[in-house]
Amino acid sequence: MNPAFYLSVAQEILAEHAPPNLRGVTILLPNYHAAQPLAQALIAQAARPALLLPEMLTLSDWAGRIALPIDSDTQRIALLYQTLRDNGWFADAELWSLSRELLALIDELTEHHVALPLTHEEFSARLVEAYAARSGVSLQFEARVVHELWYAMAGDSKTDSVRVRQQRLVQIAEQISQPLYVLQTSAPSAPEAAFLQRCAERVVVTVFDLRVMVREQADQALIVSALQRGSDATDLRADALTLQRQPVARLSGALSLYGAHGLEQEARAAEVQIRRWLLEGKQSIAVVVQDRLAARRVRALLERAQVQVQDESGWTFATLSVSTVLMAWLEALQNDFYYQDVLDLLKSPFLFADAASPQPTPPQAGEGADESLREPQINVRKQVAYLFEQMVRKQGVVSTLDAYLATSTDAELSRALARLRQAAAVLPKGRVTLSFWLVALRNSLEILGVLNAWADDAAGQQLLQLLGQWREELQDDKTRCSFAEWKRWLSQQLDLNTFRDMSVESPVRFTHLAATRWRRFDAVLLLGCDAKHLPAPSNSLWFNDAVRAALGLPLSRVKQDEVRDDLLALLALNDEVLVTWQAHQNGESNMLSSHFEMLRALHVLAYGDDLAAKELAELIASAVVRNADFALPDATTMPRPVLPCNLLPQRISPSGYNSLVACPYQFYARHALRLNDLDEVREDIDKRDYGTWVHAALQRFHEQYPLLLNEDAATLAPALQHISEQVFAEALAHDYLAVAWLTRWVQMIPAYLDWQLAREQHGWRYSAAEVPFETTVLDDLVLRGRIDRVDSDADGAECVLDYKTQSANVLKAKLREPGEDVQLACYAAVRDAAVTAFVSLEGKVTDVAPPSMAGVAEGGEVTTLGRLNLERLREVYTQMRAGTALPAHGAESACSYCEMRGLCRQGSWENGHE
Ligand code: SF4
């Protein structure tokens with residue numbers, strides 16, 4: 001802690017104003033956090049038992065004491081939007097974000113060119129003057145639009161926020177009667193400078209500029225030198241030599257830098273350091289967030305370690321779960337209730353909460369009400385979500401409420417879907433005003449039972465309040481918007497407004513750089529200080545420095561200087577600072593912020609210390625400090641889970657058995673955990689559907705024509721084609737791609753008939769298709785499935801056939817190793833078949849020549865293979881029951897078609913395959 005700055009402020013004030021009464025003094029603070037240390041310094045310096053402290057306040061609070069009506073920015077943005085849209089300006093731009101930027105620029109123009117006019121007439125005169133100064137100048141399109149809109153809007157309104165603030169400052173400056181002291185860290189804005197100048201005409205104004213005070217301190221020499229340089233690396237050695245003569249400026253122990261290998265490590269390092277500080281008894285720890293993503297992760301880690309975080313910056317509503325239900329609802333409406341959007345909506349705990357039970361304790365703000373407290377309703381909603389998911393997966397309906405309602409066979413699901421339809425019906429269909437949309441939105445959310453859940457949540461309450469506030473503010477606005485325009489507006493509003501959870505008090509505070517002005521903490525962690533985040537890039541999408549220069553506005557450089565000044569103040573006031581950044585991202589090196597890069601270079605040259613946080617790095621490397629609750633599964637090794645006996649499937653199909661042989665982990669995930677039940681909904685026809693339809697067509701064909709040799713050969717192809725068209729008919733009605741699959745099959749028909757006739761000439765006769773089987777392998781294990789086709793010969797011998805829409809080469813490869821593919825062996829075992837074969841039904845759709853059509857007989861003794869195959873299944877099951885692990889094999893042949901790749905993390909194992 002460096003109290004010297006506060007003490008010198010206190011000394012100067014006390015030198016002018018004799019204690020014990022300082023009520024005749026006003027002190028302007030950058031924030032209220034500075035009040036307490038300043039008061040302590042005044043009390044210490046006054047050395048009196050009692051002291052009447054001066055009035056200490058911020059400029060915005062001071063101005064806010066003067067009540068004046070004010071136009072909301074929401075209304076002004078809507079007006080700008082309408083103007084841009086009606087004039088067709090920036091046709092390809094996202095007009096809401098453009099309007100928001102435009103408004104900020106317009107306000108800046110007023111602040112810089114018409115600062116603090118006394119009267120409305122004076123304002124108008126200055127406005128005309130400033131407008132005229134640029135009217136003759138040739139301006140680029142963007143600058144011209146801003147200039148004209150600014151003149152029009154500033155001239156029209158007497159109560160916009162900037163004008164009102166200026167009027168308030170003028171009134172304060174006219175009435176001020178006691179000395180004013182100002183604490184600042186960087187140059188004041190144009191209106192603030194004008195305000196202080198006005199005040200100085202009536203009273204003594206003293207400014208304590210921390211930049212000036214820091215420069216006078218010898219122990220701050222290195223910080224000052226490094227930050228003033230910017231990226232100028234010339235004559236570093238000369239500066240270093242000077243610093244060597246000032247060892248007091250050395251920062252070892254006070255400032256350290258930690259470069260992480262990616263986001264997770266940075267977050268882990270931050271969490272560890274914060275917990276170490278807490279263990280040391282530090283009461284005030286600031287985490288200055290430069291990278292919001294890293295902050296989210298650190299917060300999650302801290303909360304997992306039961307360390308609460310007090311968030312001064314807050315989170316935008318767009319990132320909170322209370323808004324997720326809102327946006328999911330609007331997404332569903334916009335996309336005609338596409339199933340993914342409906343699922344997202346149904347998964348929100350804020351939906352259908354209107355009949356909630358009384359809740360004994362308040363839920364965590366922003367995280368939704370405690371589900372367990374609304375058990376009956378939650379279960380209904382979860383049940384509905386489950387039923388809906390099952391329905392879309394099984395029935396393949398993927399959009400429109402009408403289609404879902406027509407398909408649903410469950411009363412609860414139908415009721416929920418009907419409720420969505422009722423809520424959708426209250427929203428207008430055409431273009432209406434923003435306030436009308438907001439009224440309709442409230443009504444629809446009421447039907448959905450969302451308002452009740454929001455009422456039980458701190459963030460929900462604030463969001464509800466905001467929606468009401470926007471509705472009021474836009475009451476007189478006439479901008480008519482379509483649903484899509486309004487939705488974009490709403491999502492921007494959620495992005496612009498933040499929620500701060502005031503219920504949490506903690507020594508760990510997340511904050512931002514500007515909020516640290518004149519503040520001291522026991523320790524500071526600057527998070528995410530790479531070159532991309534410090535200084536933060538300009539968030540202006542539409543108006544660059546060229547436009548700003550043309551309009552006579554300060555360039556982005558000024559903002560960057562402000563960041564540098566804030567950094568200087570933070571480093572000067574605080575004695576223990578850790579700076580973290582991701583030195584590597586996605587395997588690429590990532591630069592440290594130039595401010596700290598310069599500081600490090602100078603420190604190395606002057607004192608031979610690169611300020612690396614070595615102790616922390618060692619701790620992280622050896623994971624000495626570790627939350628006992630927090631142990632991530634090691635993603636870098638091959639998983640080998642052991643299956644609890646109660647999860648062992650009691651029925652297995654040949655494809656499940658194949659999975660067990662190809663990759664035990666795949667079997668574990670697909671068939672034991674049943675994760676394959678949640679296969680993706682297939683929205684388009686694919687090869688699996690094709691195979692199903694071909695099987696069905698062949699089954700019908702052979703039932704009508706069991707022996708082709710008895711038929712007129714010329715009629716067979718048209719007959720099979722006709723049957724195939726009937727089978728494909730339903731798909732043809734829904735999906736144009738079905739035509740291509742049908743064409744592909746029709747081209748195969750002659751080859752198939754040739755193959756079938758050849759089989760018959762060899763004595764094989766079609767016997768049955770889709771033959772179910774079930775055989776007991778162990779007391780608690782049944783092997784069951786369905787055989788595509790069974791043929792028989794005159795002696796009663798059976799041939800089991802399996803149709804495949806794969807090429808003969810692929811099938812041969814499958815059968816190359818006896819026992820590798822278990823399907824045919826299983827069939828042979830259960831039917832006691834003499835012959836088994838795959839039938840390749842593969843050919844190129846575009847290929848004119850008839851594709852190959854071969855029955856690929858399996859090698860080896862079929863019956864023996866079948867028997868061995870069942871024995872192996874028994875043995876493996878016995879082993880699994882005894883706790884044998886199920887490793888992920890990672891063989892490319894299995895992995896390339898495996899949907900469990902994300903789960904087993906194949907590809908990220910460090911030790912390769914076992
Ligand atoms: S991706 Fe490969 S290793 Fe992973 S479960 Fe599937 S088959 Fe096994």
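Trainee: Is R600 buried, exposed or partly exposed, and at what relative accessibility?
Mentor: R600 counts as partly exposed, at 23% relative accessibility. Buried means under 20% relative accessible area, exposed over 50%, and partly exposed in between, with a 1.4 Å probe and protein chains only. Keep in mind that this is a predicted model: local features need pLDDT of at least 70, side-chain atom pairs count only at pLDDT 80 or more, and totals for chains, interfaces and linings use all residues. Residues are numbered from 1 along each chain as its sequence is written, and side-chain values use heavy atoms, with hydrogens and water left out.

Trainee: Which side chain does R600 meet in a salt bridge?
Mentor: That of E597, at 2.9 Å from N to O. A salt bridge here is a side-chain nitrogen of Lys or Arg within 4 Å of a carboxyl oxygen of Asp or Glu. E597 is partly exposed too, at 28%.

Trainee: Where do E597 and R600 lie?
Mentor: In helix 26 (residues 594–607), and because they are three residues apart, about one helical turn separates them. Helices are DSSP runs of H or I with at least four residues, numbered from the N terminus.

Trainee: How many salt bridges in the whole structure?
Mentor: The search finds 40. One of them joins D73 and R76, with the closest N and O atoms 3.1 Å apart. Both residues are in helix 4 (residues 73–87), three residues apart. D73 is partly exposed at 33%, whereas R76 is buried at 6%.

Trainee: Which residues are linked in a network?
Mentor: D209, R211, R557, D561, R564 and D565 are linked by salt bridges.

Trainee: Changing topic: where does the ligand sit?
Mentor: In the largest cavity. A cavity is a set of points on a 1 Å grid over the protein atoms alone where a 1.4 Å probe fits but cannot get out; a molecule sits in one if more than half of its atoms lie within 2 Å of its grid points.

How values were computed
1 Å grid on protein atoms, 1.4 Å probe; cavity = no way out; pocket = protein on both sides within 12 Å on 5 of 7 lines; lining within 4 Å. Helix = DSSP H or I, 4+ residues; strand = E, 2+ residues; numbered from the N terminus.
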